[in-house]
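Colleague: I would like to go through this model with you, with a close look at one part of it. Could you take me from the overall layout down to that part?

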Amino acid sequence: MTVMDRRYRQIEVERQGDVFCVRLRQRNMSEEDLHQFSDELNDLVERQGCRKLVLNLGPQGPLCLYSIFLAKLVSLQRRLSQAGGGLQLAHVGPDIYKIFEACRLQTLFSFAPDQSSAIAALS
């Protein structure tokens, strides 16, 4: 396990082999925070060489504008896929999963019960 040196404001990042494991620093995210969150994830892909990413969304999910949050995740998923990588969402609680279902996005993403399972799925 390697903790990334770079200091991000919205995310915490650790590496396990070639997998970047990301957690949100805070649950409550404003629209500005969501844009910064997206910029930080894009930095991982573009500058840090991330191709395999686990995004931990629990145990308590984020409190934010879900339309923007989901749009950012769709964009991230597309970027990683085009780069030959993948995204796993871990620790997604039932309430958050219902949001993915309501937006008919549950089939676009891969869900894992925990970080270890998500890492294994990307390996």
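What pattern does the chain follow, read along the sequence? After that, please look closely at the aromatic cluster of Tyr 97, Phe 100, Phe 109 and Phe 111.

Modeller: Happy to! Please keep in mind that this is a predicted model, in which local features need pLDDT of at least 70 and side-chain atom pairs count only at pLDDT 80 or more, while totals for chains, interfaces and linings use all residues. Residues are numbered from 1 along each chain as its sequence is written, and side-chain values use heavy atoms, leaving out hydrogens and water.

To your question: going along the sequence, the pattern is β-β-β-α-β-α-β-α-β-α. Helices (H or I, at least four residues) and strands (E, at least two) are DSSP runs numbered from the N terminus, and the chain has 4 helices and 6 strands. The radius of gyration is 13 Å, close to the 14 Å that the globule rule gives for 123 residues, so the chain is as compact as a globular protein of that length. That radius is taken over C-alpha atoms, and the rule is 2.2 Å times the number of residues to the power 0.38. The C-alpha trace spans about 35 × 30 × 25 Å along its principal axes.

Of the 123 residues, 46% are buried; buried means under 20% relative accessible area, exposed over 50%, and partly exposed in between, with a 1.4 Å probe and protein chains only. Contact means heavy atoms within 4.5 Å, and among contacts between residues at least 6 apart in sequence, 64% join residues at least 24 apart.

Now to the aromatic side chains. The structure holds 5 aromatic pairs. In one of them, Tyr 66 and Phe 69 have ring centres 6.3 Å apart and planes at 90°, so the pair is edge-to-face. For the cut-offs, rings of Phe, Tyr and Trp (its six-membered ring) pair if their centres lie within 6.5 Å, with planes under 30 degrees apart counted as stacked, over 60 as edge-to-face and the rest as tilted. Tyr 66 and Phe 69 sit in helix α2 (residues 66-82), 3 residues apart, about one turn of the helix. Both Tyr 66 and Phe 69 are buried.

The part you asked about holds another pair: the ring centres of Phe 100 and Phe 111 are 5.2 Å apart and their planes are at 85°, so this pair is edge-to-face. The pair links distant parts of the chain, with Phe 100 in helix α3 (residues 94-102) and Phe 111 in strand β6 (residues 110-112), 11 residues apart. Phe 100 is buried, at 1% relative accessible area, whereas Phe 111 counts as partly exposed at 27%. Together with Tyr 97 and Phe 109, Phe 100 and Phe 111 form one aromatic cluster.

Gln 106 is placed in the loop between α3 and β6. Not counting residues up to four places away in sequence, Gln 106 touches Tyr 97, Phe 100, Glu 101 and Phe 111, among them cluster members Tyr 97, Phe 100 and Phe 111. A relative accessible area of 24% makes Gln 106 partly exposed. Cys 50, by comparison, is 56 residues from Gln 106 in sequence and 23 Å from Gln 106 in space, C-alpha to C-alpha.

Arg 104 is found in that loop between α3 and β6 as well. Arg 104 has a positive phi of about 55° although it is not a glycine, and at 72% relative accessibility it counts as exposed. His 91, in the loop between β5 (86-90) and α3, also has a positive phi of about 55° without being a glycine. At 28% relative accessibility, His 91 is partly exposed. Most residues other than glycine have a negative phi, and most peptide bonds are trans.

The peptide bond from Gly 58 to Pro 59 is cis, with omega near 15°, and Pro 59 lies in the loop between β4 (52-56) and α2.

Asn 42 has its place in helix α1 (residues 31-46) and is buried, with a relative accessible area of 15%. Leaving aside neighbours within four places in sequence, Asn 42 is in contact with Arg 47 and Arg 79.
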